[in-house]
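Visitor: I am new to this structure. Please show me how to read a few of its features.

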Amino acid sequence: MGLFNFFKKSNSANNSVSEQPEQEKIPEIRKEDFIDETPPNKNNDSVIIRYGTGMPIDLIYGYLREDYETKGYDDALSNPDTSYKEMNKAIIKSDLRIKFNQVRLKYEDDLRNVEFHIASRSQAGLVDLVNQLNAEKERLQHHMDELNRMEDDFNNEKPYMVGMLLSYERGFMKGLAALSLQEIKNITNNEVVD
(Lines give C-alpha, C1' and ligand atoms only; values in the text may rest on other atoms or scores of the structure.)
Protein backbone atom coordinates (compact mmCIF):
# COMPACT_ATOMS: atom_id res chain seq x y z
CA MET A 1 0.00 0.00 0.00
CA GLY A 2 2.82 2.38 0.69
CA LEU A 3 3.94 2.02 -2.87
CA PHE A 4 0.50 3.07 -4.19
CA ASN A 5 0.44 6.06 -1.86
CA PHE A 6 3.85 7.09 -3.15
CA PHE A 7 2.58 7.15 -6.74
CA LYS A 8 -0.60 8.91 -5.67
CA LYS A 9 1.32 11.69 -3.91
CA SER A 10 3.73 12.00 -6.80
CA ASN A 11 0.85 12.28 -9.32
CA SER A 12 -1.01 14.92 -7.26
CA ALA A 13 2.20 16.94 -6.89
CA ASN A 14 2.67 16.89 -10.66
CA ASN A 15 -0.95 18.06 -11.20
CA SER A 16 -0.57 21.07 -8.91
CA VAL A 17 2.75 22.02 -10.52
CA SER A 18 1.35 21.69 -14.04
CA GLU A 19 -1.73 23.79 -13.21
CA GLN A 20 0.30 26.76 -12.05
CA PRO A 21 2.38 27.25 -15.22
CA GLU A 22 -0.72 26.98 -17.44
CA GLN A 23 -2.21 30.00 -15.74
CA GLU A 24 0.96 31.93 -16.42
CA LYS A 25 0.91 30.92 -20.12
CA ILE A 26 -2.43 32.69 -20.90
CA PRO A 27 -1.60 35.63 -23.15
CA GLU A 28 -2.93 39.08 -22.46
CA ILE A 29 -5.85 40.10 -24.70
CA ARG A 30 -5.06 43.39 -26.34
CA LYS A 31 -7.34 45.74 -28.24
CA GLU A 32 -4.83 45.96 -31.12
CA ASP A 33 -5.26 42.22 -31.78
CA PHE A 34 -8.89 42.70 -32.78
CA ILE A 35 -9.35 46.32 -33.89
CA ASP A 36 -7.54 48.03 -36.75
CA GLU A 37 -7.31 51.70 -35.87
CA THR A 38 -5.24 52.76 -38.85
CA PRO A 39 -6.86 55.62 -40.78
CA PRO A 40 -8.20 54.79 -44.26
CA ASN A 41 -6.06 55.67 -47.26
CA LYS A 42 -7.45 58.96 -48.60
CA ASN A 43 -5.13 59.10 -51.61
CA ASN A 44 -7.05 56.41 -53.46
CA ASP A 45 -8.75 57.87 -56.55
CA SER A 46 -10.24 54.61 -57.82
CA VAL A 47 -13.94 54.07 -58.31
CA ILE A 48 -15.50 50.89 -56.99
CA ILE A 49 -18.34 49.49 -59.04
CA ARG A 50 -20.70 47.41 -56.90
CA TYR A 51 -23.08 46.22 -59.62
CA GLY A 52 -22.99 45.23 -63.22
CA THR A 53 -20.09 43.78 -65.11
CA GLY A 54 -17.25 45.75 -63.58
CA MET A 55 -16.46 46.92 -67.11
CA PRO A 56 -16.50 50.44 -68.63
CA ILE A 57 -20.05 50.05 -69.97
CA ASP A 58 -21.23 50.24 -66.35
CA LEU A 59 -20.41 53.96 -66.52
CA ILE A 60 -23.25 54.38 -69.01
CA TYR A 61 -25.68 52.28 -66.98
CA GLY A 62 -24.78 54.21 -63.84
CA TYR A 63 -25.41 57.53 -65.59
CA LEU A 64 -28.81 56.32 -66.78
CA ARG A 65 -29.75 55.30 -63.22
CA GLU A 66 -29.01 58.64 -61.58
CA ASP A 67 -31.88 60.47 -59.87
CA TYR A 68 -32.86 63.00 -62.52
CA GLU A 69 -36.30 63.59 -61.07
CA THR A 70 -34.83 65.11 -57.90
CA LYS A 71 -32.38 67.13 -59.99
CA GLY A 72 -35.25 68.48 -62.11
CA TYR A 73 -37.28 69.31 -59.00
CA ASP A 74 -34.37 71.18 -57.41
CA ASP A 75 -33.64 73.02 -60.66
CA ALA A 76 -37.26 74.18 -60.91
CA LEU A 77 -37.10 75.55 -57.38
CA SER A 78 -33.90 77.47 -58.14
CA ASN A 79 -34.96 78.73 -61.59
CA PRO A 80 -38.50 77.97 -62.83
CA ASP A 81 -37.83 79.19 -66.38
CA THR A 82 -38.54 76.55 -69.06
CA SER A 83 -35.52 77.66 -71.10
CA TYR A 84 -33.41 76.72 -68.05
CA LYS A 85 -35.08 73.29 -68.09
CA GLU A 86 -34.33 72.80 -71.79
CA MET A 87 -30.73 73.91 -71.30
CA ASN A 88 -30.28 71.36 -68.47
CA LYS A 89 -31.79 68.58 -70.58
CA ALA A 90 -29.29 69.47 -73.33
CA ILE A 91 -26.48 69.24 -70.76
CA ILE A 92 -27.68 65.79 -69.66
CA LYS A 93 -27.67 64.63 -73.30
CA SER A 94 -24.23 66.13 -73.90
CA ASP A 95 -22.81 64.46 -70.79
CA LEU A 96 -24.14 61.10 -71.93
CA ARG A 97 -22.54 61.56 -75.36
CA ILE A 98 -19.22 62.33 -73.65
CA LYS A 99 -19.55 59.16 -71.57
CA PHE A 100 -20.25 57.14 -74.71
CA ASN A 101 -17.02 58.49 -76.21
CA GLN A 102 -15.01 57.80 -73.04
CA VAL A 103 -16.23 54.23 -72.83
CA ARG A 104 -15.71 53.62 -76.55
CA LEU A 105 -12.10 54.84 -76.32
CA LYS A 106 -11.44 52.51 -73.39
CA TYR A 107 -12.85 49.50 -75.21
CA GLU A 108 -10.93 50.34 -78.39
CA ASP A 109 -7.68 50.59 -76.41
CA ASP A 110 -8.39 47.30 -74.66
CA LEU A 111 -9.20 45.59 -77.96
CA ARG A 112 -5.97 46.83 -79.56
CA ASN A 113 -4.02 45.58 -76.56
CA VAL A 114 -5.66 42.14 -76.68
CA GLU A 115 -5.13 41.88 -80.45
CA PHE A 116 -1.43 42.63 -79.99
CA HIS A 117 -1.14 39.88 -77.37
CA ILE A 118 -3.04 37.44 -79.58
CA ALA A 119 -0.65 38.07 -82.47
CA SER A 120 2.53 37.87 -80.40
CA ARG A 121 1.44 34.82 -78.37
CA SER A 122 0.30 33.06 -81.54
CA GLN A 123 3.80 33.45 -82.93
CA ALA A 124 5.19 31.97 -79.71
CA GLY A 125 2.86 28.96 -80.08
CA LEU A 126 0.95 29.53 -76.82
CA VAL A 127 -2.33 28.01 -77.99
CA ASP A 128 -4.14 27.96 -74.62
CA LEU A 129 -3.25 31.58 -73.89
CA VAL A 130 -4.33 32.63 -77.39
CA ASN A 131 -7.69 30.89 -76.85
CA GLN A 132 -8.13 32.74 -73.58
CA LEU A 133 -7.21 36.05 -75.23
CA ASN A 134 -9.68 35.36 -78.06
CA ALA A 135 -12.41 34.83 -75.45
CA GLU A 136 -11.50 38.18 -73.86
CA LYS A 137 -11.55 39.84 -77.28
CA GLU A 138 -15.00 38.38 -77.94
CA ARG A 139 -16.26 39.71 -74.59
CA LEU A 140 -14.86 43.19 -75.30
CA GLN A 141 -16.39 43.15 -78.78
CA HIS A 142 -19.76 42.14 -77.31
CA HIS A 143 -19.60 45.13 -74.96
CA MET A 144 -18.68 47.42 -77.85
CA ASP A 145 -21.65 46.13 -79.85
CA GLU A 146 -23.94 46.78 -76.87
CA LEU A 147 -22.46 50.26 -76.46
CA ASN A 148 -23.08 51.05 -80.14
CA ARG A 149 -26.66 49.73 -79.90
CA MET A 150 -27.31 51.87 -76.82
CA GLU A 151 -25.95 54.96 -78.55
CA ASP A 152 -28.12 54.31 -81.61
CA ASP A 153 -31.13 53.83 -79.33
CA PHE A 154 -30.31 57.11 -77.58
CA ASN A 155 -30.05 58.94 -80.90
CA ASN A 156 -33.37 57.37 -81.98
CA GLU A 157 -34.91 58.35 -78.62
CA LYS A 158 -35.87 54.85 -77.48
CA PRO A 159 -37.74 55.08 -74.16
CA TYR A 160 -35.18 53.22 -72.03
CA MET A 161 -32.43 55.56 -73.18
CA VAL A 162 -34.33 58.84 -72.83
CA GLY A 163 -36.05 57.88 -69.60
CA MET A 164 -33.60 60.08 -67.72
CA LEU A 165 -34.84 63.11 -69.69
CA LEU A 166 -38.46 62.20 -68.98
CA SER A 167 -37.59 61.78 -65.32
CA TYR A 168 -35.89 65.19 -65.29
CA GLU A 169 -38.94 66.73 -66.98
CA ARG A 170 -41.29 65.16 -64.43
CA GLY A 171 -39.15 66.44 -61.55
CA PHE A 172 -39.06 69.92 -63.05
CA MET A 173 -42.85 69.93 -63.40
CA LYS A 174 -43.23 68.80 -59.80
CA GLY A 175 -40.95 71.63 -58.76
CA LEU A 176 -43.05 74.14 -60.69
CA ALA A 177 -46.19 72.74 -59.09
CA ALA A 178 -44.61 73.02 -55.63
CA LEU A 179 -43.72 76.66 -56.32
CA SER A 180 -47.29 77.40 -57.44
CA LEU A 181 -48.80 75.66 -54.42
CA GLN A 182 -46.49 77.61 -52.13
CA GLU A 183 -47.49 80.86 -53.83
CA ILE A 184 -51.19 80.03 -53.46
CA LYS A 185 -50.61 79.18 -49.81
CA ASN A 186 -48.83 82.50 -49.27
CA ILE A 187 -51.68 84.42 -50.97
CA THR A 188 -54.27 82.59 -48.86
CA ASN A 189 -52.36 83.28 -45.64
CA ASN A 190 -51.99 86.97 -46.53
CA GLU A 191 -55.74 87.36 -47.14
CA VAL A 192 -56.56 85.88 -43.75
CA VAL A 193 -54.13 88.20 -41.95
CA ASP A 194 -55.56 91.38 -43.54
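Guide: Start with Lys 85, which is buried, with a relative accessible area of 6%. Buried means under 20% relative accessible area, exposed over 50%, and partly exposed in between (1.4 Å probe, protein chains only). This is a predicted model, in which local features need pLDDT of at least 70 and side-chain atom pairs count only at pLDDT 80 or more, while totals for chains, interfaces and linings use all residues. Residues are numbered from 1 along each chain as its sequence is written, and side-chain values use heavy atoms, with hydrogens and water left out.

Visitor: With which residue does Lys 85 form a salt bridge?

Guide: Side chains of opposite charge can pair when their charged atoms come close. A salt bridge here is a side-chain nitrogen of Lys or Arg within 4 Å of a carboxyl oxygen of Asp or Glu. Lys 85 pairs in this way with Glu 169, the closest N and O atoms being 2.7 Å apart. Lys 85 lies in helix α4 and Glu 169 in helix α6, so the bridge ties together parts that are 84 residues apart in sequence. Helices (H or I, at least four residues) and strands (E, at least two) are DSSP runs, numbered from the N terminus.

Visitor: Is Lys 89 buried or exposed?

Guide: Lys 89 counts as buried, at 16% relative accessibility. Lys 89 also forms a salt bridge with Glu 169, with the closest N and O atoms 2.7 Å apart. Salt bridges with shared partners join Lys 85, Glu 86, Lys 89 and Glu 169 into one network.

Visitor: How many salt bridges are there by this rule?

Guide: The count comes to 14 salt bridges. One of them joins Lys 174 to Glu 69, with 2.5 Å between the closest N and O atoms. This pair links distant parts of the chain, 105 residues apart: Lys 174 is in helix α6 (residues 159–193) and Glu 69 in helix α3 (residues 68–78). Lys 174 is partly exposed, with a relative accessible area of 43%.

Visitor: Why is helix α2 largely enclosed by the rest of the structure?

Guide: Helix α2 (residues 57–64) is largely enclosed because six of its eight residues are buried. Among them are Ile 57, Ile 60 and Leu 64.

Visitor: Which residues is His 143 in contact with?

Guide: Contact means heavy atoms within 4.5 Å. Leaving aside neighbours within four places in sequence, His 143 is in contact with Thr 53, Met 55, Ile 57 and Tyr 107. His 143 is found in helix α5 (residues 127–155) and is buried, with a relative accessible area of 8%.
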